[in-house]
Amino acid sequence: LRAPRYRLIVTNENNFNINFSVIFRRARNDDKLGLTIGNVEWENVVCTLHSKGPYDPLPAKESGIEVGDVLTGVNSELFCPTAEVQDIIDILNSSWLKKDNYVTLHFSRFKQYVPFIDQAKATSSH
């Protein structure tokens, strides 16, 4: 038996978002997580998920992380929304390159926004 490549843990869920963490296990020294992070509207979000091939996703994609998920922290370090992407990448790389074979990423995923419709002001067409 061997340990799984990842473990997803939902830490909080409400009507607006889901907060979750994913613990990744590095199986080999050359393993990649397989995600690209970018700053979109003042938040650090997953922009791309990578695969080795069509049926061989890298751990981030395999674990259920989605494009648009907001990266809120690495291991015990949580980020403010204005954190620089390069600082996050440096923290992630230093953690992933250590002899520790585990890294934890924390995310927030926003659910679909449903606007409130004031029925008193709404007009109907027949």
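Predicted model: local features only at pLDDT ≥ 70, side-chain atom pairs only at ≥ 80, totals over all residues.

Student: Which residue does Arg5 form a salt bridge with?

Tutor: The general idea comes before the case: side chains of opposite charge can pair when their charged atoms come close. Here, Arg5 pairs with Glu62 in a salt bridge, and their closest N and O atoms are 3.2 Å apart.

Student: How many salt bridges does the structure hold?

Tutor: There are three salt bridges. One of them joins Arg109 to Glu66, with 3.7 Å between the closest N and O atoms. That pair links distant parts of the chain: Arg109 sits in strand β9 (residues 102-110) and Glu66 in the loop between α1 and β7 (70-74), 43 residues apart. Glu66 has a relative accessible area of 41%, so it is partly exposed.

Student: Which salt bridge does Arg109 form with Asp69, and how far apart are the closest N and O atoms?

Tutor: In the salt bridge between Arg109 and Asp69, the closest N and O atoms are 2.7 Å apart. Again distant parts of the chain are linked, with Arg109 in strand β9 and Asp69 in the loop between α1 and β7, 40 residues apart.

Student: Are Arg109 and Asp69 buried or exposed?

Tutor: Both Arg109 and Asp69 are buried. Through salt bridges that share partners, Glu66, Asp69 and Arg109 are joined into one network.

Student: Okay, now a residue in a strand. Is Ser21 buried or exposed?

Tutor: Ser21 has its place in strand β2 (residues 17-25). Its relative accessible area is 8%, so Ser21 is buried, given that buried means under 20%.

Student: What does the side chain of Ser21 make a polar contact with?

Tutor: The partner is the side chain of His106, at 2.6 Å. If you set aside neighbours within four places in sequence, the residues in contact with Ser21 are Arg7, Leu8, Ile9, Thr11, Thr104, Leu105 and His106.

Key. Residues numbered from 1 in each chain as written. Heavy atoms only, no water. Helix = DSSP H or I, 4+ residues; strand = E, 2+ residues; numbered from the N terminus. Buried < 20%, exposed > 50% of the residue type's maximum accessible area, 1.4 Å probe, protein only. Polar contact = N/O pair within 3.5 Å; in protein donor to acceptor, adjacent residues only side chain to side chain. Contact = heavy atoms within 4.5 Å. Salt bridge = Lys/Arg side-chain N within 4 Å of Asp/Glu carboxyl O.
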